[in-house]
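Please read this briefing with the sequence and the 3D structure open beside it. It goes through the chains one topic at a time.

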Amino acid sequence: MLKKMTIILMLVGIMLVGIFVNAEIAFAEKSDVVGTLKIWDMEVDNAFSASWGFAREEFKAMYPNVTVQYELKTFEQMQEMGKMILSSDEVPDVMQCNKGNATAGMYASEGLLTDLTAEAEARGWADIMGSSFQTTCRYNNQGIMGSGNLYGVTNYGEFVMVYYNKDMFEQYGVEVPTSMAEFEAVCDKFVVAGIAPISLGGLTGWPIDHAWYELVLYKADRDLINNYQLLQGDVDFQGTAYTFGAEKFAEYATKGYFDPKAMGVSYDDANGAFVQGKTPMNITGSWWYGSALTGITDYDWGIFLLPGKNLYEGSGGDLWVVPEKAKNKDLAYEFIDLTMQKEAQTVMANAGGIPINADLTQITDPHVLDLNRVFSSIVQKDGLAFYPDWPVPGYNEVLIPSLQELFAGTVTPEEFNNAISIPYNEYKESLK
Amino acid sequence: MTHKDYSHNTKIATLKASSSLNKGYMVFLIPGVLLFLLIIVFPLLANIGLSFTKWSGVGTPVWVGFTNYMKAIRDSYFLTSFKNALLLVITVTTIPTLIGLLLAGFIFEYILDKFGRGIAIFFRVGFYLPQIVPIVVVGIVWRWMLQPNWGVLNWSLKAVGLDTLTRSWLGDTSTALPSIMMMMIWFQIGYPLVIFIAALQRIDPVVYDAADLDGASRLQRYFYITIPLIRPEIFVVVLTTIIYTLKTFAQVYVTTKGGPGRATIVPSYFSYQNFFIRSRVGYGATITTVLTIIIGLVAIGFIRMQIKQEQEG
């Protein structure tokens, strides 16, 4: 009996000491915290780098004795090396991560990411994001998005749109199209004038995905999107949507709507051609908006959504994730929290981003207001359709070469859809 | 007992004596052997082992036997990658070696005689220069040069009125692989050149004097004396270039990533794609294993041929 009492007393003692020590940490001044915070992101010279750079400075001011080790990575580097890095011991404490099954989902299902569900509830991130943005933050134990624990936190939205050169439109007497037929008429007008209407960075690869999938979405509905992304139900690659998308893409390539040399042009060069006024339109995402704001100085420009449809590539933005092996998770949460707050979010808006928690009354730039207005219109009609490479890990390695072949006309739309269906179905089978 | 037997026994005795004497040296082999095991043998065995599994890179690999190999044989990407590698081997081995032979002869026989050592060194260094540039830099610079809209190649063609010849060099399925070949040839020329010039310096001038006395022309001297005498160097250059070309990775990674379509896919890059990007580690390991076997066979074949040649010579 005495022995039992002693053990109980000891346990109570240990608990009390634990509570006391915890309270010490909680009550300690932030300026007393000593340590290191390793942050990795993939953004440079855009709205996100501006916002997160601002948050980093806030963090440094708040934690003067914490060393912030910031490293800039490239998107391609993280896509290819992400898994190796996350399973090594050299992980950062907080990291920007592409969303979707193929990346965040795969990492989460393999236990490489920290479950942020409790933290997101406690700190109010879940409320800030709302349910629609959480779709790409939650992954089940198979790594499929939409349900399960919250493994990432996003603080912006993104979508794919058409950037257009207003001066060139005026010069060639064309207006912003409101239907697919009108859009094609605009393209025809430029082709006749010897100008490639749409910039496309085919050498980089993934920009082709975006151009093609925007066309698939003309005939897609929410069920197809969900089935495709969540690897459930029936996805008919020879059905209406995929057939239409592949045929239209091949047709646009043949008609010269994209620069015929586009497969030898990198993403940066394609954007450069638009900035220099060599092409009147550029189909890319809102992540490029900040570059357009600062880069285009010689003419007036605007944006529109590819007309005549209701679904567009887009989603909540990339995620902040905390690697399972991170050494300073509490500091990582503190940093993420700063990026979610109004101050950093307003910086993002002013730099041309689509923040989810900004004070939009403080925005004056008409371009930025326009961007946020268009995004809101998509969200309101439930029009975010995600991206085509998400369902299967490494799917871009199938989509890109196949699209390059479709562009070159060496495969038919039917062959193309067949080629991309095989790895998709193989992966779907492997999950059973 | 014949003289031959005696000499044989003496040899064995000497070997035995020397082996016991030399045992102390074994210690010095340990670091090398350890590194060899760690860097070559262990990863090689691990790779072969992985090729019989299905593994995403995390978790436990699942043994699948020869499934990956069976899949590879039917995979058109796999076959295309080796077809492209073969084309690269043919062009990138023969063309620089031939150019290297001619240039080495030209510099050694003509430039050195007419213009002296300084100019000869200038040319040798000049041709070798690409070899010291990191391959990633080479790739990026060539990508600029081949850029379809403002690259220097198309720009030059337009400047001389050859607009019809302009291409999207890296973006066109018919020109992408030849473009990478051009880049690799340009990069490679300096290597055989330097080896061959060194080989030429090794040849005894007496042989040439004798040829001159017999009235041989420069060309005859070159084809009947020089080339046969530097055959060992030619073997080394061809073998190392074949291996280098079979392992082509960075050149494709920096420029086309295997595209457009599958026009420039090569085994190393295809393996990398599967290994790292598509999380199909077992399949990636299969491709590398096949590549290793092929490189091994080529190396063994060449070394055997070389030994045979030496014995005949």
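**Overall build**

Chain A holds 18 helices and 11 strands, where helices (H or I, at least four residues) and strands (E, at least two) are DSSP runs numbered from the N terminus. Its radius of gyration is 24 Å, close to the 22 Å that the globule rule gives for 432 residues, so chain A is as compact as a globular protein of that length. The radius is taken over C-alpha atoms, and the rule is 2.2 Å times the number of residues to the power 0.38. This is a predicted model, in which local features need pLDDT of at least 70 and side-chain atom pairs count only at pLDDT 80 or more, while totals for chains, interfaces and linings use all residues. Residues are numbered from 1 along each chain as its sequence is written, and chains are lettered from A and ligands numbered from 1 in the order in which they are written.

**Chain dimensions**

- Along the principal axes, the C-alpha atoms of chain A fill a box of roughly 95 × 50 × 35 Å.
- Chain B has 15 helices and two strands.
- The radius of gyration of chain B is 25 Å, whereas a compact globule of 313 residues would have one near 20 Å.
- The corresponding box for the C-alpha atoms of chain B is roughly 70 × 60 × 35 Å.

**Confidence**

- The model has an ipTM of 0.77 and a pTM of 0.82.
- The mean pLDDT of chain B is 88, and 93% of the residues score at least 70; pLDDT is the predictor's confidence in each residue, from 0 to 100.
- Over residues 1–6 of chain B, pLDDT stays under 50, and the model has one contact beyond four places in sequence for them.

**Where chain A meets chain B**

- The contact takes 27 residues from chain A and 24 residues from chain B; two residues are in contact if their C-beta atoms, placed from the backbone, lie within 7 Å.
- On the chain A side, the elements that give two or more residues are α3 (75–86), α12 (267–275) and α17 (396–408).
- α17(A) gives the most to this side, with six residues.
- The chain A side divides into 12 nonpolar, eight polar and seven charged residues. Ala, Val, Leu, Ile, Met, Phe, Trp, Tyr, Cys and Pro count as nonpolar, Asp, Glu, Lys and Arg as charged, and the others, Gly among them, as polar.

**Domains of chain A**

- Chain A is assigned domain 1 (32–156 + 317–358) and domain 2 (158–314 + 383–430), with bounds from an automatic or database domain assignment.
- The centres of the two domains, taken over C-alpha atoms, are 28 Å apart.
- In chain A, 16 residues of domain 1 are in contact with 19 residues of domain 2.
- Helix α4 (residues 101–109) of chain A gives three residues, the largest share of the domain 1 side.
- That side has eight nonpolar, seven polar and one charged residue.

**Local backbone features**

- Gly259(B) and Pro260(B) are joined by a cis peptide bond, with omega about -10°.
- Pro260(B) sits in the loop between α13 (250–255) and α14 (267–277) of chain B.
- Asp45(A), a residue other than glycine, has a positive phi near 55°.
- Asp45(A) belongs to the loop between β1 (35–41) and α2 (47–62) of chain A.
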